[in-house]
Amino acid sequence: MLDWLTAAAQARPDHQAVEAGGRAITFAELDERADERARSLDGTGVKRGDRVAVTHAASLAFAEFLHALPRLGAAIEPGPPSDPPLPRLGGGATDAHLLTDIDPDAVHSVIRTSGTTGEAKAVELTYANHAASAAASADALGMDPADRWLCPLPLHHVGGLGVLVRCAINHTTAVLHDSFDARRVKAELEGGGLTLASLVPTMLVRLREAGLRRTPGLRAIALGGGPIPAGLLEWAADTGIPVVPVYGMTETCSQVVAGSPGRVLRGVELRIAQAGEILVRGPMVARGAAAADGWLHTGDLGRLDSDGLLHVEDRLKDLIVTGGENVAPLEVEQALLAHPAVADAGVAGLPDPEWGEVVTAFVVLGDRANSEELMRWCRERLEPFKAPKAIHVVESLPRNSGGKLLRGRLAAEAPG
């Protein structure tokens, strides 16, 4: 297959490829810069098969590295930004042989999972994985040559990196922010210059709080990366903001399902195991991620309705077993988030000698409320065994840079 940037530079040389940090670059310019960057890296000893850690924030420099490394047969391993010094351009061997023909089965990127349920692990994503994911995403969200896709997500997570890759594959424009600033994102969304955006639920909550009321020209906000608070989708629909919930993970190169409830994307096979676990297979699934039975076991609980639409219910590992009953933390969190005083909520099972585990909630309050009031609220909306036995008010919840709740760290928030 032809290198994505080479193909884009040939097809649309003067079209804007990336906008970041107040600067923009065309595909032809990015192609030239990627060549220079590749020659510089060649001079430092980078060779075929290497994994190269790139820890720049979302920037034009990151885009250069992303497209330079394939030309040396190396894979990118993005990490959290640390602002390293840039290697000097043009200092490498001028006769370095740069690849424009790519092996689809070669590793393009190595992404570390978020570690929300245990030790983070490295996932190898191939060019074929990314290409299949881009095709499935375009089928779900649509694709227009004039697309401008806003991405304030970290590029060391697959949701962020996937935007930059898809825009290169589709010859469209990626608009990168090096961090999420609600006022800045609100201004861009209301300015009418964007057609797509990728956000996590906490970002959309902040935009609601910032007063987002219109998004002219926007076709879809792809919303994923964690549970969606109760009422958020209803607010978006009432406000006329086009939100499309998406479900996926690092091992599937991001999206495999879109909508609420979710439609399985083109090229994806999905089934529910006997225990309720969501299983996935398809060309976007990372090599080595599938079990011996050929399916990726996601660790998520879900169900398919009579129309074949997916309802994601919780993480299998996060289930709380209390007195022999199973409780999905997400259900309890959504009940709490429906209370007008609750700004954020996390639920976990804490060890208990009598019940095995007890449902325990941790909440961030945006208004006056007390634990007893919230307990009554939950008892009115949940079965008795699902209602929290204790609710702790905290300043903030532990989340990773992608906005996912680090549920395993909640117990440390409990007093005593």
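**Exercise 1. How do the residues of the lining of the second largest pocket divide into nonpolar, polar and charged?**

Solution. Keep in mind that this is a predicted model. Next, look at its lining, which is made of 32 residues, with Phe180, Met203, Asn400, Ser401 and Gly403 lying nearest the centre. Sorting the lining by class gives 15 nonpolar, 11 polar and 6 charged residues. Finally, see where the lining comes from: α7 (201-209) and β20 (342-352) are the elements that give two or more residues, and α7 provides the largest share, 4 residues.

**Exercise 2. Work out how helices α4 and α5 are oriented, and find where they touch.**

Solution. First find helix α4 at residues 127-141 and helix α5 at residues 158-170; their axes are 10 Å apart and the packing angle is about 85°. Angles of 65 to 115 degrees count as roughly perpendicular, so α4 is roughly perpendicular to α5. Now list the contacts: His130, Ala131, Ser133, Ala134 and Ser137 of α4 meet Leu161, Val165, Arg166 and Ile169 of α5. By class, this contact holds 5 nonpolar, 3 polar and 1 charged residues.

**Exercise 3. Which strands stand at the edges of the open sheet of 4 strands?**

Solution. Write down the order first: β14-β15-β16-β17, paired antiparallel. β14 (269-272) and β17 (310-315) each have a single partner strand, so they are the edges, and one side of each lacks a neighbour in the sheet. On average, neighbouring strands here are turned by 45° against each other, direction ignored. To finish, follow β17 to its partner β16 (residues 296-304): 5 bridges join the two, and leucine 301 stands opposite aspartate 314 in β17.

Technical notes:
Residues are numbered from 1 along each chain as its sequence is written. This is a predicted model: local features need pLDDT of at least 70, side-chain atom pairs count only at pLDDT 80 or more; totals for chains, interfaces and linings use all residues. Side-chain values use heavy atoms; hydrogens and water are left out. Axes are lines fitted to C-alpha atoms, for helices over the stretch in contact, and angles run from 0 to 180 degrees between N-to-C directions. Angles under 35 degrees count as roughly parallel, over 145 as roughly antiparallel, 65 to 115 as roughly perpendicular and the rest as oblique. Contact means heavy atoms within 4.5 Å. Ala, Val, Leu, Ile, Met, Phe, Trp, Tyr, Cys and Pro count as nonpolar, Asp, Glu, Lys and Arg as charged, and the others, Gly among them, as polar. Two strands pair if DSSP finds at least two bridges between them. On a 1 Å grid over the protein atoms alone, a cavity is a set of points where a 1.4 Å probe fits but cannot get out, and a pocket is an open set with protein on both sides within 12 Å along at least five of seven lines; lining residues have an atom within 4 Å of a point.
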